Amino acid sequence: MRVQICAVGRLRKGPERELYDDYLNRFDRTGRALALGPAQLIEVEDKKGGGMSAEADLLSRAVPDGALICTLDERGKVMSSPDFAALLAKWRDQGRQDLCFVIGGADGIDPGLRARADASLSFGKMVWPHMLVRVMLAEQLYRAASILAGGPYHRA
Ligand SMILES: C[S@@+](CC[C@H](N)C(=O)[O-])C[C@H]1O[C@@H](n2cnc3c(N)ncnc32)[C@H](O)[C@@H]1O
């Protein structure tokens, strides 16, 4: 199952980019034997100030046809890392080809796109900067793959 991360904004060179790339590379390496990944980042930017709905159009166009959509949203479902790993494995075992995580911009994700999503994942009730959310998602993808592979990274 291929994984896309469709996100508003550009992650420039710097510590967040390094962490993000590192976790995503680890996910790709660990996920290969599990038929998970590779993961691909698709960044969208609306330079005309069209707000959430313009961003939603760009994000929707970036989502591959037939992909499962999982939004990242503080109002979404909070889950444990093992439960997240189990959910990824369930989607893979259902034969889904593409899983697309959607991360919004400063205003969040347009309600219409939120309503279309198959799932919504929360990293808690606090609002995190969207660039950090990318890093956290990349780390959780790597952690999930490690859990499914029976590796030592997730010790709980
Ligand atoms: C700065 S936040 C925007 C918050 C905005 N006020 C809203 O209503 O969604 C930018 C993006 O980061 C992600 N995000 C921020 N906090 C999150 C959390 N606690 N859990 C999951 N995703 C989060 C969401 O994708 C959000 O659209």
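In the predicted model described here, A138 touches Y20, Y23, L24 and F27, with residues up to four places away in sequence left out of the count; two residues are taken to be in contact if their C-beta atoms, placed from the backbone, lie within 7 Å. Residues are numbered from 1 along each chain as its sequence is written. Because the model is predicted, local features need pLDDT of at least 70 and side-chain atom pairs count only at pLDDT 80 or more, whereas totals for chains, interfaces and linings use all residues.

A138 and F27 also belong to the largest nonpolar core, which holds 40 residues and in which F27, F101, V102, I103, A138 and L141 touch the most other members. Such a core is a set of buried Ala, Val, Leu, Ile, Met, Phe, Trp, Tyr and Cys residues joined through C-beta atoms within 7 Å, and a residue is termed buried if 20 or more other C-beta atoms lie within 10 Å of its own, exposed if 12 or fewer do, and partly exposed in between. Two or more residues of this core are given by each of β1 (2-8), α1 (15-31), β2 (39-44), α2 (51-62), β3, α3 (81-93), β4 (98-103) and α5, and the largest share, 10 residues, comes from α5. In soluble globular proteins, nonpolar side chains tend to be buried together.

At the level of the whole protein chain, the secondary structure comes to five helices and five strands, where helices (H or I, at least four residues) and strands (E, at least two) are DSSP runs numbered from the N terminus. Read from the N terminus on, these elements run β-α-β-α-β-α-β-α-β-α. The radius of gyration of the protein chain is 15 Å, which agrees with the value near 15 Å that a compact globule of 156 residues would have; this radius is taken over C-alpha atoms, and the globule rule is 2.2 Å times the number of residues to the power 0.38. The C-alpha trace spans about 45 × 35 × 25 Å along its principal axes. Buried residues make up 33% of the 156 residues, and, of the contacts with a separation of 6 or more, 84% are accounted for by residues 24 or more positions apart.

Strand β1 contains A7, which is buried because 25 other C-beta atoms lie within 10 Å. When residues up to four places away in sequence are not counted, A7 touches L41, E43, I103, H130 and R134. A7 and G104 are 97 residues apart in sequence, yet their C-alpha atoms are 6.1 Å apart in space.

G104 is also among the residues that come nearest to the ligand, together with L72, E74, G108 and F123, out of 17 residues around the ligand; a residue is counted as near a molecule if its C-beta atom, placed from the backbone, lies within 6 Å of it. The elements that give two or more residues to this shell are β3 (68-78) and α5 (130-149), and β3 provides the largest share, three residues. The shell divides into 10 nonpolar, five polar and two charged residues, where Ala, Val, Leu, Ile, Met, Phe, Trp, Tyr, Cys and Pro count as nonpolar, Asp, Glu, Lys and Arg as charged, and the others, Gly among them, as polar. In the unreviewed UniProt entry, the annotation "binding site" covers L72, G104, F123, G124, K125, M126, V127 and W128; such annotations may be inferred rather than shown by experiment.

Of these annotated positions, G124 is found in the loop between β5 (119-122) and α5, and K125 is likewise placed in the loop between β5 and α5. G124 counts as exposed because it has 9 C-beta neighbours inside 10 Å, and K125 counts as exposed with 8 such neighbours. V78, in strand β3, is in contact with S122 and G124 once its neighbours within four places in sequence are left aside. The C-alpha atoms of V78 and K125 are separated by 8.7 Å, although the two residues are 47 residues apart along the chain. V78 counts as exposed, with 11 C-beta neighbours inside 10 Å.

A cis peptide bond joins G37 and P38, with omega about 5°. A35 has a phi near 60°, a positive value in a residue other than glycine, and is exposed, since 11 other C-beta atoms lie within 10 Å.
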